[in-house]
Amino acid sequence: PALRWLKDGDSQNDRNVVVMDGIYLNPAEAEVRKLVVDGVRELLKTYDLDGIHFDDYFYPTTDPDFDKISYETYKDKTKNPLSLADWRRENVNALISETHTAVKSAGENMIFSVSPAGEIDKNYDSFYADVKYWVTGGLIDEIIPQIYFGFNHTDSDFNFPKLLKTWTKLCKKSKVNLKIGLASYKIGTESDTDGDEWQKNSDILARQVALCRQNSKVCGVVFYSYTALFSSEPQNTAERNNLNLK
């Protein structure tokens with residue numbers, strides 16, 4: 001679809017596609033949101049699914065040039081236009097809401113889940129993903145924040161227990177199920193922010209799962225990735241054994 005929009009000779013729909021460091025569908029455009037939602041409807045109609053899941057891909061940049069044409073067009077047609085940031089958040093909200101409607105039209109028991117980044121403010125400010133609104137507004141059934149951090153992150157705001165507490169507080173009075181995404185892909189790795197925590201320890205995931213099980217609001221955990229969790233490497237094997245997944 002992106003190629004068709006760019007090659008069909010119609011300059012008006014070129015704004016549906018943004019080419020920067022990659023090729024992106026522009027969520028500001030209704031035609032793009034329809035493409036995504038129609039794809040969801042096709043999946044639900046064609047296959048025996050339990051639901052639909054979105055990963056954490058929303059706006060890839062805060063650069064105002066990303067969707068400049070769409071935003072300028074919006075401002076020209078609107079008496080009291082939103083700021084660029086609020087407008088982008090509304091575009092994502094529209095996609096989430098329309099997807100939720102499509103999923104539920106296939107059956108009330110169908111699940112719509114999203115796994116946003118692990119830090120709430122970063123979702124809001126950098127990706128224009130208003131996760132608070134999705135939770136409090138009932139636009140999703142499950143939220144699976146990617147708390148892909150350990151216990152010794154250089155920035156205390158990314159400490160696992162702190163982030164777990166923040167998400168628990170957000171979902172506490174909501175009917176939205178809270179599951180926690182855990183970073184099995186980090187087993188045995190080292191970085192400037194994590195240090196050597198994932199190399200020196202083989203019980204990080206076990207401790208995180210224990211905290212989740214002690215939390216009455218958390219109803220499950222999700223590991224990324226399967227390949228890392230079930231790797232035969234000694235560090236991965238030790239971490240998996242400590243999890244006691246049986």
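**Helix packing and pockets in a predicted model**

Mentor: The axes of α2 and α4 cross at roughly 20° and come within 9 Å of each other. Axes here are lines fitted to C-alpha atoms, for helices over the stretch in contact, and angles run from 0 to 180 degrees between N-to-C directions.

Trainee: What makes α2 roughly parallel to α4?

Mentor: Angles under 35 degrees count as roughly parallel, over 145 as roughly antiparallel, 65 to 115 as roughly perpendicular and the rest as oblique. The angle of roughly 20° is under 35 degrees, so α2 is roughly parallel to α4. Please note that this is a predicted model, in which local features need pLDDT of at least 70 and side-chain atom pairs count only at pLDDT 80 or more, while totals for chains, interfaces and linings use all residues. Residues are numbered from 1 along each chain as its sequence is written, and side-chain values use heavy atoms, with hydrogens and water left out.

Trainee: Which residues of α2 and α4 make the contact?

Mentor: From α2 come R33, V36, V37, V40, R41 and L44, and from α4 come N91, A94, L95, E98, T99, A102, V103 and S105. Contact means heavy atoms within 4.5 Å. By class, eight residues of this contact are nonpolar, three polar and three charged. For these classes, Ala, Val, Leu, Ile, Met, Phe, Trp, Tyr, Cys and Pro count as nonpolar, Asp, Glu, Lys and Arg as charged, and the others, Gly among them, as polar.

Trainee: Is the crossing of α2 and α4 left-handed or right-handed?

Mentor: The crossing of α2 and α4 is right-handed. That term applies if the near helix is turned clockwise from the far one by less than a right angle, and left-handed if anticlockwise.

Trainee: Why are α9 and α11 called roughly parallel to each other?

Mentor: Helix α9 packs against helix α11 (residues 234-243) at an angle of about 25°, with the axes 7 Å apart. On the rule already given, α9 and α11 are therefore roughly parallel to each other. Their contact is made by I204, L205, A206 and V209 of α9 together with E239, N242 and L243 of α11. Five of these residues are nonpolar, one is polar and one is charged.

Trainee: At what angle do helix α7 and helix α9 pack?

Mentor: Helix α7 (residues 160-171) and helix α9 (residues 204-213) pack at an angle of about 25°, with their axes 11 Å apart. Helix α7 is therefore roughly parallel to α9. In this contact, F160, P161 and L164 of α7 meet Q208, L211 and C212 of α9.

Trainee: How many residues line the largest pocket, and which lie nearest its centre?

Mentor: The lining has 16 residues, and L25, V36, Y57, F58 and L95 lie nearest the centre. A pocket is an open set of points on a 1 Å grid, where a 1.4 Å probe fits, with protein on both sides within 12 Å along at least five of seven lines; lining residues have an atom within 4 Å of a point. The largest pocket holds about 360 Å³ of space. By class, its lining has 13 nonpolar, two polar and one charged residues.

Trainee: Which element supplies the largest share of the lining of the largest pocket?

Mentor: Three residues come from β2, the largest share. Each of β2 (23-25), α2 (30-46), β3 (51-54) and α4 (84-105) supplies at least two residues.

Technical notes:
Points joined across faces, edges and corners; volume = space filled by probe spheres on them. Helix = DSSP H or I, 4+ residues; strand = E, 2+ residues; numbered from the N terminus.
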